[in-house]
Amino acid sequence: MFVSYLILTLLHVQTAVLARPGGESIGCDDYLGSDKVVDKCGVCGGDNTGCQVVSGVFKHALTSLGYHRVVEIPQGATKINITEMHKSNNYLALRSRSGRSIINGNWAIDRPGKYEGGGTMFTYKRPNEISSTAGESFLAEGPTNEILDVYMIHQQPNPGVHYEYVIMGTNAISPQVPPHRRPGEPFNGQLGTDGRSQEEGEEKEEAEEKEDVHGGAPEVFTSESAQTFPVRHPDGFSSHRPDNMVPAAPQPPRRSRDHNWKQLGTTECSTSCGKGSQFPIFRCVHRNTHEEVPESYCDSSMKPTPEEEPCNLFPCPAFWDIGEWSECSKTCGLGMQHRQVLCRQVYANRSLTVQPFRCRHLEKPETTSTCQLKICSEWQIRTDWTSCSVPCGVGQRTRDVKCVSNIGDVVDDEECNMKLRPNDIENCDMGPCAKSWFLTEWSERCSAECGAGVRTRSVVCMTNHISSLPLEGCGTNRPAEATPCDNGPCTGKVEWFAGSWSQCSIECGSGTQQREVICVRKNADTFEVLDPYECSFLERPPSQQACHLKPCGAKWFNTEWSMCSKSCQGGFRVREVRCLSDDMTLSNLCDPQLKPEEKESCNPQDCVPEVDENCKDRYYNCNVVVQARLCVYNYYKTACCASCTRGASRHAGFLGSR
């Protein structure tokens, strides 16, 4: 597509030259009939001796880390190209002689982009593709208005830095640029058409040399300091018009006139690319002094009619359309944010999305970036462990753990990393408890609705705070489990009557036995059997109960495991184990080989938080950052992420084990 546009451009230029009134060409000085052309130094009418190309490679072997000067860029330099020969972990830096940092100064690495300095605009490029081997580069058109110094921030062996720039020599020809022509604006709005001139060989060689440096089409050499700009014509057309091409109307001999019409530039192109239009500007000037005079001095019939000329026919270059950054993925600490980057191109006053390869001449902006809204809060242990919750046996103890912001305020736990939270509760073993009798309150109801009955309570010998198994050792003075009660005479009262218990269902161990329960009314000397619903308002005695004739053998009994004393890095848990007979008394008849364990280890895993694969150390001496306690600062926490994370986990483990 670009080739077709270029051919169309050349045809329009050819048409414009042939249609010029008077049949004469216009030189680079914009005079009709002039044959002056621009040399490779950008000098109109020059002989290629007005400038020189300075280039070289900085390959010094560096031993110490830090800033090392590479080359000095003098004042007035143009076409500046500073490029690393291979990708490395080093960075290029730029500063002025006055000490002002322009790019990558004061140990702060800037993003790729455009930076103004020394009177020109520098383009800082840093290829980010994994497969790319290209290094960093500084590019600028110039000219510079002060001396600049290029430095390398040395961190690994120097791969070499190629530098090149153009400076004007002492033999530069003075420019002859009309006052109406803006600096950098060539005739007809076209730059860099592949033309020929009397120095064709030198210009071609220079263009090839520049193409190798910039990796693109031959550059147009300009020199803003000399205020001259190149105009190249299509192949096959000379830089001046034949003398026999004259207007149709008879004219006096041209050389007999003192004044003539001269083109002093053109109007500004209506568009910068994609085909615009412009008109030539003609003024009356003195033939010898070229001084502009009133138009009445020239023959008005000879004044060329300004004709619309096409300009900027080449397609507008594609560009990266950059969207807004998304919100940071984390509310604190290092997170990620994203944005949309599309390749777009303007055509016929419309901006269209095109294939990404059309923007390959530009470095694609980053679509992801790190972000940090604020420093994350951290856990702080505010109090020591409390006393154990029990005087004997296994209990628990606690301490106060709070999430504290970077300014010292207590905030919600969600603002801290829950995986790094120190334990605020753990088990504590105070040793075996002394044995004693434990009693319940007497039952509220008497066993009989009328007449004599009893009230009961439970009595048990407790040995610890985990198990409630009754054991021997509380002494022979066992408290009573029943006490008499009397609710008055039973005449005419309805009650449940329970018969005798049947034999036990088994010969040893725990079984069951049955009895009959009926509803009766007790009179003076007799009992009357009633339907069961007559006694429904009374609590019915059980018709079945457990029974035990003789022991079947002693067995091991144990309680449930307690909680682990630690959540990581190895703790322990305990339980009570007793040999009991069928009547729930201590026994020594159990097999010792079958005795369950009373204590075991638990949670042996390390207290290591989940490691982010993107959390790495960028420098080899990050252990110094941890020792100096600099991980609280965002820069060091990011640059030494892995070391700072390990240090935080060790600190949390130390506090949790105290």
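Lysine 402 is partly exposed in this predicted model, with a relative accessible area of 32%. Its side chain meets that of aspartate 400 in a salt bridge, at 3.8 Å from N to O. Aspartate 400 is partly exposed as well, with a relative accessible area of 28%.

## Salt bridges and a charge over a ring

The count of salt bridges comes to 18. Besides the pair of lysine 402 and aspartate 400, two further examples can be described together with the exposure of their partners. Arginine 478 and glutamate 481 meet through their side chains in a salt bridge of 3.4 Å, N to O. Arginine 478 has a relative accessible area of 41% and is partly exposed, and glutamate 481, at 36% relative accessibility, also counts as partly exposed.

Glutamate 528 forms a salt bridge with arginine 521, and the closest N and O atoms of this pair are 3.2 Å apart. Glutamate 528 counts as partly exposed at 37% relative accessibility, and arginine 521 counts as partly exposed at 27%.

Some charged residues are joined in a network: salt bridges link Arg69, Glu72, Arg97 and Asp149. A charge can also be placed against an aromatic ring. The charged end of lysine 599 sits over the ring of phenylalanine 572, at 4.3 Å from the centre of that ring.

## Disulfides

The model has 14 disulfides by count. Three of them are listed here.

| Disulfide | S to S distance | Torsion about the S-S bond | Handedness |
|---|---|---|---|
| Cysteine 504 and cysteine 547 | 1.8 Å | about 80 degrees | right-handed |
| Cysteine 519 and cysteine 535 | 1.8 Å | 75 degrees | right-handed |
| Cysteine 631 and cysteine 644 | 2.0 Å | -80 degrees | left-handed |

A disulfide joins cysteine 504 to cysteine 547. This pair links distant parts of the chain, 43 residues apart: cysteine 504 is in the loop between strand E29 (493–498) and strand E30 (510–514), and cysteine 547 is in strand E33 (residues 544–548). Both cysteine 504 and cysteine 547 are buried.

Cysteine 519 and cysteine 535 are likewise joined by a disulfide. Cysteine 519 is in strand E31 (residues 517–522) and cysteine 535 is in the loop between strand E32 (527–530) and E33, so the link ties together parts that are 16 residues apart in sequence. Cysteine 519 counts as buried at 1% relative accessibility, and cysteine 535 counts as buried at 0%.

Because cysteine 631 lies in the loop between helix H3 (622–627) and helix H4 (634–639) and cysteine 644 in helix H5 (residues 641–656), the pair ties together parts that are 13 residues apart in sequence. Cysteine 631, at 17% relative accessibility, counts as buried. Cysteine 644 is buried too, with a relative accessible area of 9%.

## Aromatic pairs

A pair of aromatic rings is described by the distance of the centres and the angle of the planes. The count here comes to two aromatic pairs. One of them brings together tyrosine 124 and phenylalanine 138: the ring centres are 5.4 Å apart and the planes stand at 70 degrees, so the pair is edge-to-face. It links distant parts of the chain, with tyrosine 124 in strand E7 (residues 120–125) and phenylalanine 138 in strand E8 (residues 137–140), 14 residues apart. Tyrosine 124 is buried, with a relative accessible area of 1%, and phenylalanine 138 counts as buried at 1% relative accessibility.

Tyrosine 635 and tyrosine 636 have ring centres 5.3 Å apart and planes at 80 degrees, so this pair is edge-to-face. Tyrosine 635 counts as partly exposed at 46% relative accessibility, and tyrosine 636 counts as partly exposed at 31%.

## Asparagine 90

Asparagine 90 is found in the loop between strand E3 (78–84) and strand E4 (91–96). This asparagine is buried, with a relative accessible area of 1%. Its side chain reaches two backbone nitrogens: that of glutamine 155 at 2.7 Å and that of glutamine 156 at 2.9 Å. Leaving aside neighbours within four places in sequence, the residues in contact with asparagine 90 are Glu84, Glu136, Met152, Ile153, His154, Gln155, Gln156, Pro157, Asn158 and Pro159.

Technical notes: Residues numbered from 1 in each chain as written. Heavy atoms only, no water. Helix = DSSP H or I, 4+ residues; strand = E, 2+ residues; numbered from the N terminus. Buried < 20%, exposed > 50% of the residue type's maximum accessible area, 1.4 Å probe, protein only. Polar contact = N/O pair within 3.5 Å; in protein donor to acceptor, adjacent residues only side chain to side chain. Contact = heavy atoms within 4.5 Å. Disulfide = S-S within 2.5 Å. Phe/Tyr/Trp six-rings, centres within 6.5 Å; stacked < 30°, edge-to-face > 60°. Lys NZ or Arg CZ within 6 Å of the ring centre and 35° of its normal. Salt bridge = Lys/Arg side-chain N within 4 Å of Asp/Glu carboxyl O.
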